[in-house]
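Here is a short briefing on a ligand site and on aromatic pairs. Please keep the structure open while reading.

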Amino acid sequence: MTEHIHAPGLFDAEARIEKVECLGMTFESDEARRAYFLEQLWEKLKDPEFREIEGFPIGTDADILAISDPPYYTACPNPFLKAFIQHYGTPYDPETDNYHREPYAADVSEGKTDGIFTAHSYHTKVPHKAAARYILHYTNPGDMVLDGFSGSGMTGVAAQMCAKPDPDFKYSVETERQAADLPTVQWGARRVVLNDLSPAATFISANYNLPFDVNAFEREATRILQELKQEIGWMYETNHTDGKTKGQINYTVWSEVFACPECSTEIVFLKEALDLETKRVRDSFPCPNCSVELNKDRLERLMETLIDPATNKPWQRIRLQPVLINYSVGKAKYEKEVDKADLQILQEIEQLPLPAAIPTNAFPIQEMYHGSRLAPKGFTHIHHLFLSRAAQALGKLWSQAERVEDIRLRNVLLFFAEQSFWTMSLLNRYRPTGYSQVNQYMTGVYYIASQHSECSPWYILVGKLKRLVGAFQEFRAILNQAYISTNTAANLRLPNQSIDYIFTDPPFGENIYYADLNFLIESWHRVKTDAGPEAIVDKAKQKNLFDYQHLMRECFEEYYRVLKPGRWMTVVFHNSQSAVWNAIQEAMLAAKFVVAGVRTLDKQQGSYRQVTSTAVKQDLVITAYKPSQSLENNFNLEKGTEEGAWNFIRTHLQQLPVFIADRGQSEMIAERLDYLLFDRMVAFHIQRGATIPLSATAFYAGLNQRFPSRDGMHFLPDQIAEYDRKRLTVKELLQLDLFVNDESSAILWLKQKLTTKPQTFAELQPQFLREKTWVKYDREPDLRDQLLAENFLCFKGDGKIPRQIVSWLKQSSHYREKIRQIEGDTPSNNGLETNDSELLNAAKDHWYVPNPNQAEDLEKLRERALLKVFEEYRQANQKQLKVIRLEAVRTGFKRAWQDRDYTTIINVARKIPENILQEDPKLLMWYDQALTRAGEE
Ligand SMILES: C[S@@+](CC[C@H](N)C(=O)[O-])C[C@H]1O[C@@H](n2cnc3c(N)ncnc32)[C@H](O)[C@@H]1O
């Protein structure tokens, strides 16, 4: 079957008659293909069941059809996805499947200035070249990639650019991989399913990922901009200072007008605050009338009553006044104050009727987090955000683009035009020191500043057009590679086990209110997001962190369903709150994914480092896999048995990288450390409703017996040779940073210290005090009586000197000789029997790490002590416990879990303040799973 890289355009006569293959059918032309599938979509839209899908965008059939280009893109759930997979996917066959990849653990850092990346902005974007590195690593050409939260579709661009990478990118990927000793990648396009809840997002995505005739686009866009000039160019003319030449306005600066709180004089903010010489806006300035010192907080807001151009009724809005004009005469740029003639033109424009294309619908202010920033200033409807002149320009621009008959070309023209909406709205701030006034709105919020740059459409779009054409000449999307759907990721409508890899960048907590922000552009398309299933924390929409976690869990469960077993998912996370981080991890684990590594972008060093604590401060990349079917099947049979646990560890170790090196240093692979392996084993059991068959000590002992270790990390026997060989190639092993911020991390820290060297309390205490940053609600255990006494042993000066202390003493030549004389050439494993007072004194009061048998006894004692504390919490009558020993709660939850006593977990969890529960990943896990299990029973 041959596919045509085909981009029909208005003037592309040849392309029009070329036959097109699509989903196994041959069409006489691309128009015929489109007509056929539009008809099918139209039929589908009449089906009430289809329209009832949760998250179905809000819009009429006609408006949805107008921007859709089926089967590739639909501004609603895409009913052709299954057919796409059937035709181009490879079915999963457990018998023949031999896929294996180690997680991608190399450095990834990519800039955000690439031409195609900036071709259309979105509230957050992942650089496609970063995504492409992951896609190249995890997939082969033709594989099916998925991004369920695809935003502007950068994952699609990444998947497609693997076919024809630019030479610099290709070179850097190949050299990086060679340096890191990673297998060579196979170049070639991957297919991709892009999905997002928001039609504004999928519309951008579709225009990035579906081919179009770039020359035809350039010609049409140029024509539209020229015709716009002929029609409304007069609105953007101003008199040059020579009194005869007409200047072309680039932008007009508007200022909010306030009142002085002392003398009520009107204050044109920018006139008083802007220092024309330095171009800085002063924080404070004197009132021109009464000289009292003023600043932004002291000024009183003034409202003016206008006639709303949509309703012709009075409308109150903050007072705004034009003050400065930046204009060009030929190539020279000038600045002037607004004069009478300018005001007259503005008055004339105000008399004109509002163009029909301008949306006049209301913002859902009550349900918007930023509603309180808009409504009090008078901005309650979309058209309020545009000054009269901007409304005339945009209205005309939009309807010109909408009039283009060819759907593909029309869509790309709308994609081009919508780039100017935010800049042409009152959200665009005046930045006197900015190189350009374009895109000067505050990202991620609806914020109307006191100074506004009202830019001309040509100032925004002429340069943009050139850049867009350049970028799309280089990046050419390929037909039939990307299918785009507008839907919730919780219901992707894809077949089971059909996806080879997931790269995804979900919304993170409450940073960015996508549905609210996309409302502005979606109002122009008249197809809007159904914010119901939006995964977000948003007070205004009554969604808290638990709701977010729940929504994300549904989406991850859907990811789990559609991903082939043994395949990978990469999740990008930008948020600095550990509670949100914990929620997303729990959602992922509850969906049965297994995390194989977390790395963070170190912006200063430009490299990714592993993350081992919940203290998240940077952007993270989480790598997780869907366990193989045989592991899940065997686990079901062996659930809760030791063999089940070791089987899991065996397959988990198989999935982890064996060796990671960077600039001559090798990295400690956190996931291979005993305590993280223990945590993963516990999580694996809990998420599958199983009891945990091994205590920590038994687990560590079993791990040591079964899996050889190097540098504190555990390996499968057949991985050891590779590690040893590669370890010889580097000088240094980079240690992990350990944060001491709770009881379990403190124990790990002490273990690390005492393994290297037995120490006295006096030696340990100052180091401990320096390291620890305890969270205040967690009751801090006493270092000597609890942390040390419950987990380690101290040599009191009588009996045998423990082996570990003897080994340490032997580091001194003096003691070495003495010890040699006592024990000869056959040292006993049980320690050193001696009366030598010098040796006994040297060893006395040193804390050391217990051997496995001693550790088991200690663990039992410790567990008993912690359970006693937990029992107090369980019986406490207080509604909320204030300061809690979290380790006691973790231990209590574990015991209750083993006893299937979910009620105890739920009841005690409810006594713990919500934020504490959300800050602790382990408590959150027990609680979340107890809720699930209790609901099931
Ligand atoms: C961080 S952005 C993705 C940005 C994207 N990586 C890019 O480069 O443009 C997250 C996206 O998730 C979408 N979203 C939120 N809840 C969703 C849900 N339940 N299903 C699908 N998409 C959702 C938002 O509309 C937003 O576009």
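**Ligand shell and aromatic pairs**

The shell around the ligand holds 11 nonpolar, 9 polar and 4 charged residues. Here Ala, Val, Leu, Ile, Met, Phe, Trp, Tyr, Cys and Pro count as nonpolar, Asp, Glu, Lys and Arg as charged, and the others, Gly among them, as polar. The model is predicted: local features need pLDDT of at least 70, side-chain atom pairs count only at pLDDT 80 or more, and totals for chains, interfaces and linings use all residues. Residues are numbered from 1 along each chain as its sequence is written, and side-chain values use heavy atoms, leaving out hydrogens and water.

**Ligand site**

- Tyr122, Ser152, Asp196, Ala489 and Asp505 come nearest among the 24 residues around the ligand (a residue is near if one of its heavy atoms lies within 4 Å).
- The ligand sits in the largest cavity.

**Polar contacts** (pairs of N or O atoms within 3.5 Å)

- Serine 152 places a side-chain N or O atom 2.6 Å from an oxygen atom of the ligand.
- For threonine 488, a polar side-chain atom is 3.3 Å from a ligand nitrogen atom.
- For aspartate 505, a polar side-chain atom is 2.6 Å from a ligand nitrogen atom.
- Protein covers 99% of the 600 Å² of accessible area that the ligand has on its own (Shrake-Rupley method, 1.4 Å probe).

**Aromatic pairs**

- The whole structure has 56 aromatic pairs (ring centres within 6.5 Å; planes under 30 degrees apart are stacked, over 60 edge-to-face, the rest tilted).
- One of them joins phenylalanine 635 and phenylalanine 684, edge-to-face, at 4.9 Å centre to centre and 85° between the planes.
- This pair links distant parts of the chain, 49 residues apart: phenylalanine 635 is in helix 21 (residues 629-638) and phenylalanine 684 in helix 23 (residues 674-687).

Key. A polar contact is a pair of N or O atoms within 3.5 Å; within protein, one must be able to donate a hydrogen and the other to accept it, and residues adjacent in sequence count only if both atoms are side-chain atoms. On a 1 Å grid over the protein atoms alone, a cavity is a set of points where a 1.4 Å probe fits but cannot get out, and a pocket is an open set with protein on both sides within 12 Å along at least five of seven lines; lining residues have an atom within 4 Å of a point. A molecule sits in a cavity or pocket if more than half of its atoms lie within 2 Å of its grid points. Rings of Phe, Tyr and Trp (its six-membered ring) pair if their centres lie within 6.5 Å; planes under 30 degrees apart count as stacked, over 60 as edge-to-face and the rest as tilted. Helices (H or I, at least four residues) and strands (E, at least two) are DSSP runs, numbered from the N terminus.
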